[in-house]
Amino acid sequence: MKAQGKVFKYKDNVDTDVIIPARYLNTSDPKELAAHCMEDIDPDFVKNVKAGDIIVAGNNFGCGSSREHAPLAIKTAGVSCVIANTFARIFYRNAINIGLAIIECPEAVANINAGDDVTVDFDSGTITNNTTGKTFKTNPFPDFIKKIIDEGGLLNSIKNK
Amino acid sequence: MGMTMSQKILAAHAGKSSVKAGELINVKLDLVLGNDITSPVAINEFRKAGFDKVFNRERIALIMDHFTPNKDIKAAEQCKHCRNFAKEYNILHFYDTGEVGVEHALIPEKGLVAPGELVIGADSHTCTYGALGAFSTGVGSTDMAAGMYSGMAWFKVPSAIKFVLTGKPCGWVSGKDVILHIIGKIGVDGALYKSMEFTGPGLKYLSIDDRLCMANMAIEAGAKNGIFEVDDVTLEYVKDKVNREFNIYKADDDAEYDEVIEIDLSSIKPTVAFPHLPENTKPVEEAGDVEIQQVVIGSCTNGRLEDLRIAAKVLKGHKVKKGVRCIVIPATQKIYREAMEEGLFTIFLDAGCAISAPTCGPCLGGHMGILAEGERAVATTNRNFVGRMGHTKSEVYLASPAVAAASAIMGKIAQPEDIK
C-alpha cells in the first residue's frame with residue numbers, strides 16, 4: 001500500500017481543538033466535520049487539500065481531547081497519511097482504530113517542507129521526499145497493531161474472533 | 001523487576017502475574033463511559049459492526065453533559081440518539097438533564113469507580129479517577145464501542161514518572177496550582193504515553209477534590225493516566241459511595257520509573273497558565289496587568305463543592321468588577337444542592353455572578369459563556385488552546401478557583417491577597 005501527495009506542514013502540539021473545533025461537534029457526519037478540518041490553525045487547508053495529500057508535523061500531534069472526530073475529519077478531508085515526530089496517545093489509537101495511516105519519523109519531519117511531494121510505502125516502511133530525492137526508513141507497527149489494521153479496524157478484528 | 005501501581009492494575013485485569021512497559025495486552029474493563037459528543041459516534045460504530053449486545057448494562061455510563069441542556073437542534077438529536085440506545089440496551093447509568101453532572105465529577109460521586117478498578121472513557125479527562133487509585137484513561141469512540149460490546153480493551157503497558165510530593169501547600173494553593181506547576185515543569189508532552197504516579201508524605205495535605213483536579217489534568221502533560229496512592233483520604237471518600245469489594249494496589253519497592261521528580265508543595269505559589277498551552281505557567285504574582293472580561297468557575301477540573309466554597313470565601317462581601325462576567329457552574333446536581341443549602345449561592349448572587357445548571361458548557365466553547373474576538377477569560381478549566389472557549393482571537397488563562405474569584409473582583413488576573 002502506498003500514499004502519495006503534497007505536504008501540509010505544521011509545528012508542535014497541534015491540538016484536537018484546532019483540528020476540529022468543538023463548535024462543530026454537534027454532528028458526527030464525517031463530511032460536515034471534514035469541511036471544517038484544521039480551520040482554526042489553517043483556514044485555507046480545506047480549500048487547498050487534495051485526495052492523497054500528507055500532513056507532516058512536530059511533537060505531540062493531536063493532543064487534547066479524545067474526539068475521534070479529529071482523525072475522522074483529517075481522513076475524510078482526503079489526507080492519506082500523517083507523519084509526525086510523536087503523536088498524542090489518544091489520537092494515535094483513534095487513528096489506528098479508524099484506519100488513518102500515521103507514522104512517527106522525526107528524521108522525515110526534519111527533512112520535509114511544506115509543499116514537498118512525498119510518497120509513503122507502507123509495506124517497505126519507506127518515506128520518499130520526491131522533491132529532494134531523500135528517503136527515510138520508518139519502524140513497522142508491532143504485529144498486534146498491524147493485525148487490527150489488516151482486519152479493517154478494531155471492530156472488525158473483534159468480530160472476527 | 002517490580003511493577004508500578006498502574007502496571008499492577010493492568011496485570012490484574014489482563015489475568016497475568018506481571019507485565020512490563022511496552023508489552024501489548026488485552027484487559028477486562030470495570031466501566032466504559034461516554035458523553036453526548038463521543039457516544040453518538042460510538043453508537044454508530046456499534047450498530048455498523050452489527051453488535052447486538054452489551055457486555056454488562058450496569059457497567060456502562062452514558063452521560064449527557066457537554067452540550068446540555070441541549071444547546072441547539074443538532075445537539076438535541078445527538079442526545080436523543082444516546083437516549084434511544086440507552087433504552088434499547090437498558091443501560092443503568094444513563095444520565096440526562098436533571099440528573100446529570102459533568103461526567104468526571106458525577107462518576108466518582110455515584111461510586112461508579114473504586115480503587116484498583118480499570119476504566120476507559122471516550123473523553124480525554126477520564127484520567128480523573130486515578131485520584132481514587134484506579135487505572136482510568138481516555139480513548140476514542142471506536143474503543144468505546146468495542147468496550148461496550150466486549151468489555152475489553154487493548155493497551156500498551158506504560159512506563160511511569162513518579163512524583164514524590166513533600167511539604168504542605170501554603171495559603172490559597174490548591175491541587176490546581178500543583179498540577180499547573182508540574183505541567184509547567186515537564187511540558188504538555190512531558191509524560192507522553194506514560195503514567196504519572198503520585199505518592200509521598202505531602203499526599204495527606206491534598207483533599208480528594210485536590211487529587212481529582214490533579215489526576216484530571218494528567219492528560220495535559222500527555223500522560224496515559226495519573227494515579228494517586230490510596231490512603232485514608234481515599235478510603236474515607238469511597239466508604240459510603242462504593243459498596244462492592246475492591247483491591248488496593250501499591251507500587252513495588254523495586255518498581256522501575258523513567259524518572260522520579262520531587263515536588264515540594266510548600267514552595268508552590270498560586271499559578272496561572274497563559275495562552276495557548278497549559279504548560280505556559282507562571283506564578284500569579286508575575287502575571288502583570290492582564291485585563292479580563294470573563295471568569296468561569298466550574299468544569300470537571302474545578303466544579304466540585306470545595307472549589308465553590310473557596311470561590312465563595314474569596315467573593316464574600318465583594319462585587320464582580322463592572323465589565324466582567326463571572327459564571328459559576330456547579331459540576332453536579334448534588335454539588336448544586338449542597339452549594340445552595342450552604343448559602344454559597346447567596347454569596348455568588350450578591351457578588352453578581354451567574355449560576356448555571358451543571359454542564360461542560362463554555363470549557364470547550366460549547367455554550368453558556370463563549371468569548372468574542374479579543375476577549376480574555378480566567379477559567380478554572382483545563383485547556384487554553386487557540387479558540388478553546390470561543391473566537392480564535394480570544395484567550396483563556398487557567399487558574400484555581402481562588403485565583404479565578406479574585407480575578408473576577410479585580411477585573412484582571414489576581415490572587416486573593418491583591419483584593420483591596
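**A guided look at chain B and its partner**

Visitor: In chain B, what share of the contacts with a separation of 6 or more comes from residues 24 or more positions apart?
Guide: This is a predicted model, and here two residues are in contact if their C-beta atoms lie within 7 Å. Among the contacts of chain B with a separation of 6 or more, the share from residues 24 or more positions apart is 77%.

Visitor: How many helices and strands does chain B have, and what is its radius of gyration?
Guide: Chain B contains 13 helices and 18 strands. For 420 residues the globule rule gives 22 Å, and the chain comes close to that, so chain B is as compact as a globular protein of that length; its radius of gyration is 20 Å.

Visitor: What percentage of chain B is buried?
Guide: A residue counts as buried if 20 or more other C-beta atoms lie within 10 Å of its own. Of the 420 residues in chain B, the buried part is 61%.

Visitor: Which domains does chain B have, and what distance separates their centres?
Guide: The domain assignment gives domain 1 (5-264) and domain 2 (273-414). Taken over C-alpha atoms, the centres of these two domains of chain B are separated by 24 Å.

Visitor: Which element gives the largest share of the side of domain 1 of chain B that touches domain 2 of chain B?
Guide: Between these domains, 34 residues of domain 1 of chain B are in contact with 32 residues of domain 2 of chain B. On the domain 1 side, α4 (103-109), α6 (175-186) and α7 (208-216) of chain B each supply at least two residues. The largest share, six residues, comes from α6(B).

Visitor: Is α6(B) largely enclosed or open, and how many of its residues are buried?
Guide: α6(B) has twelve residues and reaches 17 Å from its first C-alpha to its last, close to the 16 Å expected. Its buried residues include Val178(B), Leu180(B) and His181(B). α6(B) is largely enclosed by the rest of the structure, because the number of its twelve residues that are buried is ten.

Visitor: And chain A: which of its elements gives the largest share of the side that touches chain B?
Guide: Here 36 residues of chain A are in contact with 42 residues of chain B. The elements giving two or more residues to the chain A side are α1 (16-19), α5 (89-98) and α8 (154-159) of chain A. With six residues, the largest share comes from α5(A).

Conventions:
Residues are numbered from 1 along each chain as its sequence is written. Chains are lettered from A and ligands numbered from 1 in the order in which they are written. This is a predicted model: local features need pLDDT of at least 70, side-chain atom pairs count only at pLDDT 80 or more; totals for chains, interfaces and linings use all residues. Domain bounds come from an automatic or database domain assignment. Helices (H or I, at least four residues) and strands (E, at least two) are DSSP runs, numbered from the N terminus. The radius of gyration is taken over C-alpha atoms; the globule rule is 2.2 Å times the number of residues to the power 0.38. The expected span of a helix is 1.5 Å times one less than its number of residues.
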